[in-house]
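Me: I am new to this structure and would like to go through it piece by piece. Please show it, and I will ask as we go.

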Amino acid sequence: MLTSLLLSAALSQDAHLPPLISWHGDSEVLMQSDGPLQTDFERSGGVDSPNYENTMAYLAQLVKANSAQFHTVTIGKSDAGRDIRMLIATEHGLSSAEQLVADNKPTLLIQAGIHSGEIDGKDAGFMLLRDIAKGHRPDILKSVNLLFIPILNVDGHERRSAFNRINQRGPNIMGFRTNGQNLNLNRDYTKLDTPGIRAIAHVVNTYQPDLYIDVHVTDGADYQYDITYGYNPSFASSTPKVTQALDKWVAPVIDAKLQKQGHIPGPLVFVMDKMEFSKGLAGWVAGPRYSNGWGELRHLPTILVENHSLKPYKQRVLGTYVLLDGAIEALATHGEQIDKAVADSINTSYKELVVARDYASEPDSISFKGIAYEHYTSAVTGSREVRYLGEAQEYESLPIYWQKEVKTKVAIPKAFYIPRQYAETLTVLSLQGVKLEAVSEPLTLALRQAQITSYEFAKAPFEGRFRVTPELEYTQVNVRLDNNWVKVDTDQKLGLLATHILHPDAPDSLLQWGFFHTLFQRTEYVENYALAPYAAQLLASDEEIRVKFEQKLKDPSFAQDAEARRAWLYQQSPYYDQQYLNYPVLMQYENE
């Protein structure tokens, strides 16, 4: 019975999805109808994507067909032991990171399959590389070097099913969003828990790409755009010079090429209310747990592609090919201007960093190519639902609520100092490429320390960790530093990223991700028979503490709570654990 139900569902995979607007575009000529390097995608008529074994086999075929220009390397291994492979494509067969960095051509890093159900980039990249291998596109490697990762989340890729993404049209069989340990790689860019993102950090640090493209497929509402992409807007970017370069030198080239080939490029936005599209759009700003937010803090031009899940797989893959081709053209034509913007961004002096944002209360407006919809009452859910009608609807002025409101902004310290025993934190920073400096000579500095005054742990794990939200107060402490401390100077290329990782107020700091949970436990206690006489002596001998205690007693709830009184008195004593709820990463500021 179950088999017949699955077969029935498979035969009508799209029946539950909104009707389509028919599409034909000039990009369809990119499909190869036969030949030894025809991809599985093309062989199936644009509805299938190969499994891991066949993907690796095709990768080997490409290298065999063009061994003078193509090389593959293993950039990491998954939790299950699968190789994460990357193809290097250069005009003269450069094969090492050192050679690419020394080369005068710009380098484009294309990443597919971070969410393995969203695998459009793999099949598009294979077609593009095939065209290079067969000599159809000699122009590409004359101008740029390519790094192509066909599947980043290789374990999730092999959790293959026809039923992994109910909102998405194709491929027929697709991988799963998360990896083998059910972790979302596109939430891991600061904490580096997964082999996949550790591999990406290594690739970016060693090969130093000039442009990074991360290919996804979106969820959400229906609209006319088939290829949407974006990056944090310049008004909300921590590195606006890089964003402005993308706006000026890259996006117009991509858009023009997509439009010429019959695709409709659109902005990377979401819907405020999925039940009522007309209420407006949400203009999201990515933090550094995401690829594009992480790239921003690295001064690395990064584009997040979100193809429209309701468009047919063939259309999405062809659109991705055209987008990649447009990015290559932009990099080839405007590489020098992009490099200058990046250099200017790196050399800018940053004093503050916005680490958390909220949606604006008042919207901007945007013209938008939507799809007509209606509401109906579902007999199944017993509720009002949305039904998209497959008809174009143009919005001349649709509200869009950008995350313009600054929720949390921090002053960037001159340096952070980290005790060596927090080895996991030091490892993450090292893998990120942040420069660490050992304290070689003993010295005493006035530093700022965060004290956790209250906190709330998440009620359920998120990405395998129990996140914590602290309330903080800051005090100045004089600390004797020696070789048991490590310094992170923020006057470095990755100073912004280091600040977000280490500053305790940042939502993607390692503190809030749960790297310092031992701070929240006490391991030494006091007996009342010792505390009562000691506290009496303390109050008699220390006038400052006595005055504070008398002020506290004016609060009836405190005065009548013996446990609260004991706890407060113990905290004033030198016996109290001085590390309890004190964030151990210290910050150095100018003029302190």
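Me: Which helix holds Q512?
Reply: The model is predicted: local features need pLDDT of at least 70, side-chain atom pairs count only at pLDDT 80 or more, and totals for chains, interfaces and linings use all residues. Residues are numbered from 1 along each chain as its sequence is written, and side-chain values use heavy atoms, without hydrogens and water. Helices (H or I, at least four residues) and strands (E, at least two) are DSSP runs numbered from the N terminus. Q512 belongs to the run of residues 510–513, which is helix α14.

Me: Is Q512 buried or exposed?
Reply: Leaving out residues up to four places away in sequence, Q512 touches R467, V468, P470, P504, D505, A506 and P507, where contact means heavy atoms within 4.5 Å. The relative accessible area of Q512 is 8%. The scale is under 20% for buried, over 50% for exposed and in between for partly exposed, with a 1.4 Å probe and protein chains only, so Q512 is buried.

Me: How far is Q512 from E405, C-alpha to C-alpha?
Reply: Along the chain, Q512 and E405 are 107 residues apart.

Me: Which residues does H334 contact beyond its neighbours within four places in sequence?
Reply: H334 sits in helix α11. With a relative accessible area of 17%, H334 is buried. Beyond the sequence neighbours, its contacts are W249 and V253.

Me: Which residues does L146 contact, leaving aside its neighbours within four places in sequence?
Reply: L146 is one of the residues that touch the most other members of the largest core. Leaving aside those neighbours, L146 is in contact with L87, I88, A89, L108, L129, I132, I140, L141 and I328.

Me: How many residues are in the second, separate core?
Reply: Its members include V271, F368, L398 and I400. The size of this second core is 15 residues.

Me: Are α12 and α13 roughly parallel or roughly antiparallel?
Reply: The axes of α12 (residues 423–432) and α13 (residues 495–502) come within 11 Å and cross at roughly 155 degrees; axes are lines fitted to C-alpha atoms, for helices over the stretch in contact, and angles run from 0 to 180 degrees between N-to-C directions. Angles under 35 degrees count as roughly parallel, over 145 as roughly antiparallel, 65 to 115 as roughly perpendicular and the rest as oblique. The crossing angle therefore makes α12 and α13 roughly antiparallel.

Me: How many nonpolar residues are in the contact of α12 with α13?
Reply: T425, L429 and Q432 in α12 meet L497, I501 and L502 in α13. Ala, Val, Leu, Ile, Met, Phe, Trp, Tyr, Cys and Pro count as nonpolar, Asp, Glu, Lys and Arg as charged, and the others, Gly among them, as polar. The contact has no charged residues, 2 polar and, as nonpolar residues, 4.

Me: How many charged residues are in the contact of α15 with α16?
Reply: α15 (residues 528–541) and α16 (residues 543–553) have axes 5 Å apart at an angle of about 110 degrees, and are therefore roughly perpendicular. L538, L539 and S541 in α15 meet E543, I545, R546 and F549 in α16. By class, these divide into 4 nonpolar, 1 polar and, as charged residues, 2.

Me: Where is N484?
Reply: N484 is partly exposed, at 44% relative accessibility. Not counting residues up to four places away in sequence, N484 touches I418, P419 and R420. Its place is the loop between β18 (468–481) and β19 (485–489).

Me: What is omega of the cis peptide bond that joins G170 and P171?
Reply: P171 is in the loop between α7 (154–157) and α8 (195–207). For the cis bond from G170 to P171, omega is about 5 degrees.

Me: What is the phi of H299?
Reply: H299 is in the loop between α10 (291–297) and β10 (302–307). At 3% relative accessible area, H299 is buried. H299 is not a glycine, yet its phi is positive, at about 60 degrees.

How values were computed. A nonpolar core is a set of buried Ala, Val, Leu, Ile, Met, Phe, Trp, Tyr and Cys residues joined through side-chain atoms within 4.5 Å.
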